[in-house]
Amino acid sequence: MKTDAAGAPGREDAEKGTPAPQPVGKGEGLGWEEEEGRATLSLTFTLRNAGKVGLSKTAKVFEASEAGIQHLETRQAKLSKNTTDDLEFFVKCEVRNSDVSVLINSLKKVAEDVKTIREKRVPWFPKKIRDLDKCHHLISKYEPDLDHDHPGYTDPEYRKRRAFFTDLAFSYREREVYRKLSSLYPTHACKQYLDAFQQLEKCCGYQEDSIPQLQDVSRFLKERTGFQLRPAAGLLSPRDFLASLAFRVFQSTQYIRHSSSPVHSPEPDCCHELLGHVPMLADKEFAQFSQAIGLASLGSSDAEIEKLATLYWFTIEFGLCKQNGSIKAYGAGLLSSYGELVYALSNKPEHKPFDPELTAVHPYQDQTFQPVYFVAENFEDAKAKLQKYALKIKKPFYLHYDPFTCSIEVLNTPQKVKNTLSQMKEELKNLCFALEHIS
């Protein structure tokens, strides 16, 4: 499965991460992960007479390799006759890839029983918002230059126009899309969408004869939910697209659908982004739900990315919810497609309650209308269920998003957890203080 810049998964497999580095030497069983030319090693070894010269020699081994010690533990060696100086060590360090073999071999000369702990390799993921510059793995399934079935494949003018910015790509057909879809929204879209759409018409030039500018729309979202739009060159891999959501960044395409097919597009375009995604991203509850999927994706395996992308498909793209006894649409794929919006709320498809465990493995369609849609009780309930599902994803660490620095903190030591908890306690104290005075 893949996910596009507008968030719509497709059928190709997710891009595979860089293969895990091979062990150094036969039988070493090294567990180490690569990132930008450096490796993280976890080592155990026994040091005899550590209190005399052994400790000094060992320290020089790590110093010679310019290894950065991240964690160090010691304990009395088992079956030791010398209860004072014989110690077992656990060391987690970072070292250049080229120095891994040198460090291991040098350590064996001064220590006994040198072993490495096999760690499950975690795929690289961005930790700061600037790291999204590296999340640019494009999927070319719907490129008009490559896909013979694309309606613009035989149209050289259209293919040329795709290289220009939005103001050169929009045509009069965009008015038809806007007019037809906006006529359905009052009866088919959820309340959150309608409220935001009204504000977008007022603040960002959402009109039949007006072209919304990406910068204006991004500023609008930033002020309301902290989300911002980032221009994307085309379809992104699921891992890269979902990672962006973790930082409240939405990767947005710049081109418009072909004029021969104004009410449907085989790929995400400006109509899909601006009419489908943007209004919902202006709702705080929905923004939190979107970010939760992104955070769950960081460091997840390819198999889990596949499931999360499917969850994204059936919620953010084609999700339905209950409101005032009726079923309404909140998915961008529905709200930007006249035909499927009508179909989804008819009695033709099957409607099932949203359950992440079942939704994540349910087959989907990216060529025709969905035979099944999942209905959430409300966004708060959907978010709670998603967070519960995310906790079951196996990772060797927990993550915390810092909204002040827009960065990801890897909570892999007790001290980091304590620091994060301390910040939360301060925020909670301020809220309790405010509540007391208001009451």
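Begin by selecting Phe 89 in this predicted model, a residue that counts as buried because its relative accessibility is 8%. Phe 45 and Phe 89 form a stacked aromatic pair, with 5.2 Å from centre to centre and 5° between the planes. If you now colour the strands, you will find Phe 45 in strand E4 (residues 38-47) and Phe 89 in strand E6 (residues 87-96), so that the pair links distant parts of the chain, 44 residues apart.

Next, select Phe 314 and Phe 374, whose ring centres lie 5.1 Å apart and whose planes meet at 75°, so this pair is edge-to-face. Phe 314 belongs to helix H11, while Phe 374 sits in strand E15 (residues 372-376), and this pair too links distant parts of the chain, 60 residues apart. Both Phe 314 and Phe 374 are buried.

To view the contact itself, display Pro 238, Arg 239, Phe 241, Leu 242 and Leu 245 in H8, which meet Asp 302, Ile 305, Leu 308, Ala 309 and Tyr 312 in H11. Sorted by class, this contact has eight nonpolar residues, two charged residues and no polar ones.

For the last stop, select Tyr 178, Tyr 185, Tyr 193, Phe 197 and Tyr 206, which form one aromatic cluster.

Key: Residues numbered from 1 in each chain as written. Predicted model: local features only at pLDDT ≥ 70, side-chain atom pairs only at ≥ 80, totals over all residues. Heavy atoms only, no water. Contact = heavy atoms within 4.5 Å. Helix = DSSP H or I, 4+ residues; strand = E, 2+ residues; numbered from the N terminus. Nonpolar A, V, L, I, M, F, W, Y, C, P; charged D, E, K, R; others polar. Phe/Tyr/Trp six-rings, centres within 6.5 Å; stacked < 30°, edge-to-face > 60°. Buried < 20%, exposed > 50% of the residue type's maximum accessible area, 1.4 Å probe, protein only.
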